[in-house]
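Me: I would like to learn how to read helix packing and a nonpolar core. Please take me through this one.

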Amino acid sequence: MSENWGVVEALRHARHDWMNDLQLIKGNLDLDRVERAKQVIEEMVLVAQNESKLSNLKLPLLAEWILTYNWSRHLIKLDFEVLQTESSHGLEDRRLYNWCKEFLQFLESNVMNNVENQLSILLDITKEQSRFIFDFTGILKSTSMVEDWIKNQRANGENIEIEQLQEEVLVIHVVAR
């Protein structure tokens with residue numbers, strides 16, 4: 001892994017995120033914005049439920065990488081949502097982790113660094129078929145480089161479909177094996 005998070009370091013990052021959320025709630029309550037404070041709490045609950053789903057996928061390398069990605073400086077902010085989960089999926093954790101990491105490294109090398117770049121990963125994991133949807137918004141330096149990278153991945157046996165590829169949007173579907 002790019003970072004080797006020890007327990008103390010991981011707890012420090014988690015506590016920092018937690019404190020930011022609590023300060024947001026407190027600030028809204030101090031300003032008598034009770035509805036906004038409730039909304040922040042609901043968002044925190046949804047994030048925790050989603051993190052729990054990811055952690056229970058029996059893909060520890062991938063889960064740790066996704067959960068800690070934003071703890072380091074990157075040109076892309078990562079978020080995720082677990083749509084469906086079945087723990088008896090038969091997916092290879094190390095292979096998925098390596099592929100996702102390689103894809104993000106490629107993407108980071110091909111984005112403008114002075115804009116807000118966001119990537120959402122949607123995980124739809126079932127016994128029959130597991131699909132990962134990567135939804136990028138930001139600014140790509142070269143759509144043709146992205147096309148070439150995807151063609152190369154397909155040549156290596158990856159099942160990737162491009163839903164949308166433009167300078168400011170990239171949506172691909174990857175069927176995992």
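Reply: Start with axes: they are lines fitted to C-alpha atoms, for helices over the stretch in contact, and angles run from 0 to 180 degrees between N-to-C directions. Helices (H or I, at least four residues) and strands (E, at least two) are DSSP runs, numbered from the N terminus. This is a predicted model: local features need pLDDT of at least 70, side-chain atom pairs count only at pLDDT 80 or more, and totals for chains, interfaces and linings use all residues. Residues are numbered from 1 along each chain as its sequence is written, and side-chain values use heavy atoms, without hydrogens and water.

Me: At what angle do H1 and H2 pack?

Reply: About 160°, with the axes 7 Å apart; H1 covers residues 7-30 and H2 residues 34-55. That makes H1 roughly antiparallel to H2 (the term is for angles over 145 degrees).

Me: Which residues make the contact?

Reply: Contact means heavy atoms within 4.5 Å. H1 brings Trp-18, Asp-21, Leu-24, Ile-25, Asn-28 and Leu-29. H2 brings Val-34, Arg-36, Ala-37, Val-40, Ile-41 and Met-44.

Me: How many residues has the largest nonpolar core?

Reply: In soluble globular proteins, nonpolar side chains tend to be buried together. A nonpolar core is a set of buried Ala, Val, Leu, Ile, Met, Phe, Trp, Tyr and Cys residues joined through side-chain atoms within 4.5 Å. Buried means under 20% relative accessible area (1.4 Å probe, protein chains only). Here the largest core has 39 residues, and Trp-65 and Phe-103 are among those with the most contacts inside it. H4 gives the most to this core, with eight residues.

Me: How much of the chain is buried?

Reply: Buried residues are 39% of the 177 in the chain.

Technical notes
Angles under 35 degrees count as roughly parallel, over 145 as roughly antiparallel, 65 to 115 as roughly perpendicular and the rest as oblique. Buried means under 20% relative accessible area, exposed over 50%, partly exposed in between (1.4 Å probe, protein chains only).
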